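Reader: Hi! Could you walk me through this structure?
Author: Happy to, here it is.

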Amino acid sequence: MNFNDTVAYVKIKDASGAVIIEGMLLKTQKSTAIDASHAGTYTYTTTGNAKYELIVTADLVTFKRTSSSGSSETYNMPYVYFTKSGNSYTCDAFNYPNTVLNFDTKSFGIEHINVKYTVNADFSQASTSSSITTLSDSKVEYTKTK
């Protein structure tokens, strides 16, 4: 975890070196825990058999995207990355812009931006116009299972 004057950067890796959690937040970030009633697994499968899975617990939101060929990617977002408005949660981490979890409609818009980072805590948000990756479109409605 590194800090500069206004932003905290966290990067957690597992024993193999794979990134488990990465994010940038304002040091003044305030958050609300995700309601227990929203806990569960939300899935969506495309007509091409790509699978999208959102796993919600009290502490962590995990998004998994698996292509029809079987390759997959996983993104973990702690609950502290989100602020609440009704049954909707907006991600405030700089590298997950436009990420909104709407539990009323079970629609989840999830985007990711790579973070530029150096060890001396001189880090910044990458260009939003060129490096943003849409992981899940908010127009898609997921099915919830426990």
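Author: What follows is a short chat about salt bridges, a sheet and the core. This is a predicted model, where local features need pLDDT of at least 70 and side-chain atom pairs count only at pLDDT 80 or more, while totals for chains, interfaces and linings use all residues. Residues are numbered from 1 along each chain as its sequence is written, and side-chain values use heavy atoms, with hydrogens and water left out.

Reader: Thanks! How many salt bridges does a search of the whole structure find?
Author: The search finds 2, where a salt bridge is a side-chain nitrogen of Lys or Arg within 4 Å of a carboxyl oxygen of Asp or Glu. One of them joins the side chains of K84 and D35, at 2.9 Å from N to O.

Reader: And which parts does that pair tie together?
Author: K84 is in strand β8 (residues 82-85) and D35 is in the loop between β3 (19-26) and β4 (40-45), so the pair links parts 49 residues apart in sequence. Strands here are DSSP runs of E, at least two residues, numbered from the N terminus.

Reader: What about E73, which side chain does it meet?
Author: E73 meets R65 in a salt bridge of 2.5 Å, N to O.

Reader: Is R65 buried or exposed?
Author: R65 is buried, at 18% relative accessible area, whereas E73 is partly exposed at 28%. Buried means under 20% relative accessible area, exposed over 50%, and partly exposed in between, with a 1.4 Å probe and protein chains only.

Reader: Switching topic: what is the strand order in the open sheet?
Author: The order is β7-β6-β5-β4-β15, 5 strands with antiparallel pairing. Strands pair if DSSP finds at least two bridges between them.

Reader: Which strands stand at the edges?
Author: β7 and β15 do, each with a single partner strand, so one side of each has no neighbour in the sheet.

Reader: How many bridges pair β4 and β15?
Author: They pair over 3 bridges, in the antiparallel sense. T143 in β15 is the bridge partner of T43. Leaving aside neighbours within four places in sequence, T143 is in contact (heavy atoms within 4.5 Å) with T41, Y42 and T43.

Reader: Last one: which residues touch the most other members of the largest nonpolar core?
Author: L54, F63, Y81, F82 and L101, out of 25 residues. A nonpolar core is a set of buried Ala, Val, Leu, Ile, Met, Phe, Trp, Tyr and Cys residues joined through side-chain atoms within 4.5 Å. β5 gives the most to this core, with 3 residues.

Conventions. Helix = DSSP H or I, 4+ residues; strand = E, 2+ residues; numbered from the N terminus.
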